[in-house]
Amino acid sequence: MAARPLSRMLRRLLRSSARSCSSGAPVTQPCPGESARAASEELSRRRQFLREHAAPFSAFLTDSFGRQHSYLRISLTEKCNLRCQYCMPEEGVPLTPKANLLTTEEILTLARLFVKEGVDKIRLTGGEPLIRPDVVDIVAQLQRLEGLRTIGVTTNGINLARLLPQLQKAGLSAINISLDTLVPAKFEFIVRRKGFHKVMEGIHKAIELGYNPVKVNCVVMRGLNEDELLDFAALTEGLPLDVRFIEYMPFDGNKWNFKKMVSYKEMLDTVRQQWPELEKVPEEESSTAKAFKIPGFQGQISFITSMSEHFCGTCNRLRITADGNLKVCLFGNSEVSLRDHLRAGASEQELLRIIGAAVGRKKRQHAGMFSISQMKNRPMILIELFLMFHNSPPGNPSIFSWDPLHVQGLRPRMSFSSQVATLWKGCRVPQTPPLAQQRLGSGSFQKHYTSRADSNANSKCLSPGSWASAAPSGPQLTSEQLTHVDSEGRAAMVDVGRKPDTERVAVASAVVLLGPVAFKLVQQNQLKKGDALVVAQLAGVQAAKVTSQLIPLCHHVALSHIQVQLELDSTRHAVKIRASCRARGPTGVEMEALTSAAVAALTLYDMCKAVSRDIVLEEIKLISKTGGQRGDFHRA
């Protein structure tokens, strides 16, 4: 922070040297007769100077994982002129009294403070920000903040065509427009209002005024608009659009159900079937979107994968709600009121300490899609109309590299297109040509069922490979001292900083005794809740990834591979679970494997408890582990 006064001094010197007329107006506000182009070039040189002489990033906006938060989203209002199904409950939301909302001066005060500490991008959201009467003035005031490089707005587009010329003149530099369908009748169904043609007019006005790209946000929902993916992608052929397909996310009141969510892998596969030549586009480290371009097309498409492949690890975003609460995570329910402290007369340093404390408490990643859907959080309308989200702990991207699925001895189930309960799509049976396997990737799965003549018709397995019995091998080194207890008997996390990185693999198992009734329903996939085996498999994978958040003294491990297998045992009316985890690092992964097996077992119980509560979870145990100073372990 010591270097920050020097940075401010450089900015003052630069500002004084950049004046270009007797009025003393800065270059951001050119005098009459001055070329707008010259002013723009001067502003670019000025920003380049600031980039080259930037002060160290603010400690107040840096969290405990080293993420620097340079992007602030400010909600200008809770009100909206639409009622989008994924954003607002049908019955509406109770609005905050006007006296409790941030005033224009309070918004600018907070923005000024954040920019001073290193925020260089501000996005105005809502509700619908363009229904706020003074939105143009707010943009103009923000434009005057030194160090602020980007002012954006996320809008539903209803008022955009009318206001955009004024907003552009005031300094608006980036636009995101929400549009979930290209069918006018479906538009009215989704947003519960008319206005499709106004939104299209707004998009074309943005293109006309030179915004490039114009970002179009499309929330994809199964059974509603996933059939329009190709139509949206085709728009980018002749228009400078960045169409951003967003995975449907849970917020209070939007009746989120993972059956409605269309994963990134499935969307990408759909587009690739039409345009096999689709190319990946490089993006910034903190980008929330995975960008692709169809060769020869003017625009591009992107995928925001906050549910299936979150991006918490590079998150640089903070949010201020319309009532003045700071949210450090879109999916978190913890907030701190900056409004109350501001109105109580808190000094700038006191506000920074409060902000710094909140940022410091930010978690490494959000809770995962199944946990988020159960959390109490604001409806989206009370956070902001739209979003750009986060990702995971630094981990290996091959974490989802599951093996193809084989299910033996079962009656065929519905195909993927009619089985809306299936969440992911991707892997194929062995007969699939290698090229198709490469295109589908390893990050998702599609269910296929085969019967083998030599297989036991009473068994079924959700993964290839046999259940090999474990046998002891290698040195069996143990310690007579508990490693998670210090010399005074207090709990302590082991220091693994000096341990060498080695390849670690662990396998754990569990057994769930379902009883004959529940077993038959699982075997025939007739549970009302859906496919118990698929949900349990997903839960096991998710659990392995968040073990360090569940077990207090566990280190976070960047897993490179997780595999969860489930096999039906008709003789005991049971499901056998086998979970394996792999990573390269200084600490083992047996806790990840055990947690995966245990949570998969608990999920099976939850899926079947409506049928029978006479369900027993047993034999949760470590089967084997390799790597580490104590040698390998293999259970006999």
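How many salt bridges does the structure hold? The structure holds 23 salt bridges, a salt bridge being a side-chain nitrogen of Lys or Arg within 4 Å of a carboxyl oxygen of Asp or Glu. The model is a predicted one, in which local features need pLDDT of at least 70 and side-chain atom pairs count only at pLDDT 80 or more, while totals for chains, interfaces and linings use all residues. Residues are numbered from 1 along each chain as its sequence is written, and side-chain values use heavy atoms, with hydrogens and water left out.

The protein chain has 636 residues, of which 53% count as buried. Here buried means under 20% relative accessible area, exposed means over 50%, and partly exposed lies in between (1.4 Å probe, protein chains only). The secondary structure comes to 17 helices and 18 strands. Helices (H or I, at least four residues) and strands (E, at least two) are DSSP runs, numbered from the N terminus. Among contacts between residues at least 6 apart in sequence, 76% join residues at least 24 apart, where contact means heavy atoms within 4.5 Å.

An open sheet is formed by 12 strands in the order β7-β8-β9-β6-β5-β4-β3-β2-β1-β10-β11-β12, with mixed pairing. The edges are taken by β7 (279-281) and β12 (336-337); each has a single partner strand, so one side of each is left without a neighbour in the sheet. Helix α4 (residues 135-143) packs on the sheet and touches β2 (121-125) and β3 (150-155), its direction making about 170 degrees with that of β2. Axes are lines fitted to C-alpha atoms, for helices over the stretch in contact, and angles run from 0 to 180 degrees between N-to-C directions. In general, strands of a sheet pair through backbone hydrogen bonds, either parallel or antiparallel. Two strands are taken to pair if DSSP finds at least two bridges between them.

Strand β10 (residues 317-320) is covered on both faces: Arg 317 and Arg 319 on one side, and Leu 318 and Ile 320 on the other, are all buried. Strand β1 (residues 71-75) pairs with β10 in the parallel sense over 4 bridges, and Leu 72 has Leu 318 as its bridge partner in β10. Strand β11 (residues 325-327) runs antiparallel to β10 and is joined to β10 by 2 bridges. Arg 319 has Lys 327 as its bridge partner in β11. The hairpin of β10 and β11 has 4 residues between the strands, and Gly 324 takes a positive phi near 90 degrees there. Strands β11 and β12 are likewise antiparallel and joined by 2 bridges; the partner of Leu 326 in β12 is Val 336.

Among the salt bridges is that of Glu 283 with Lys 280, whose closest N and O atoms are 2.8 Å apart. Glu 283 is partly exposed at 37% relative accessibility, and Lys 280 is partly exposed with a relative accessible area of 43%. Another salt bridge links Asp 569 and Arg 572, with the closest N and O atoms 3.5 Å apart. Asp 569 counts as buried at 15% relative accessibility, whereas Arg 572 is partly exposed at 36%. Arg 572 also forms a salt bridge with Glu 619, the closest N and O atoms being 3.5 Å apart. This pair links distant parts of the chain, 47 residues apart: Glu 619 lies in strand β17 (residues 616-626), and Arg 572 lies in the loop between β15 (559-569) and β16 (574-585). Glu 619 is partly exposed, at 34% relative accessibility. Through shared partners, salt bridges join Asp 569, Arg 572, Glu 618, Glu 619 and Lys 621 into one network.

A search of the whole structure finds 0 disulfides, a disulfide being a pair of cysteine sulfur atoms within 2.5 Å. Cys 218 counts as buried at 2% relative accessibility, and Cys 315 is buried at 2% as well.

Leu 521 is located in helix α14 (residues 516-523) and is partly exposed, with a relative accessible area of 23%. Leaving aside neighbours within four places in sequence, Leu 521 is in contact with Gln 526, Leu 527 and Val 611. Leu 521 and Cys 608 are 87 residues apart in sequence, and their C-alpha atoms are 8.8 Å apart in space.
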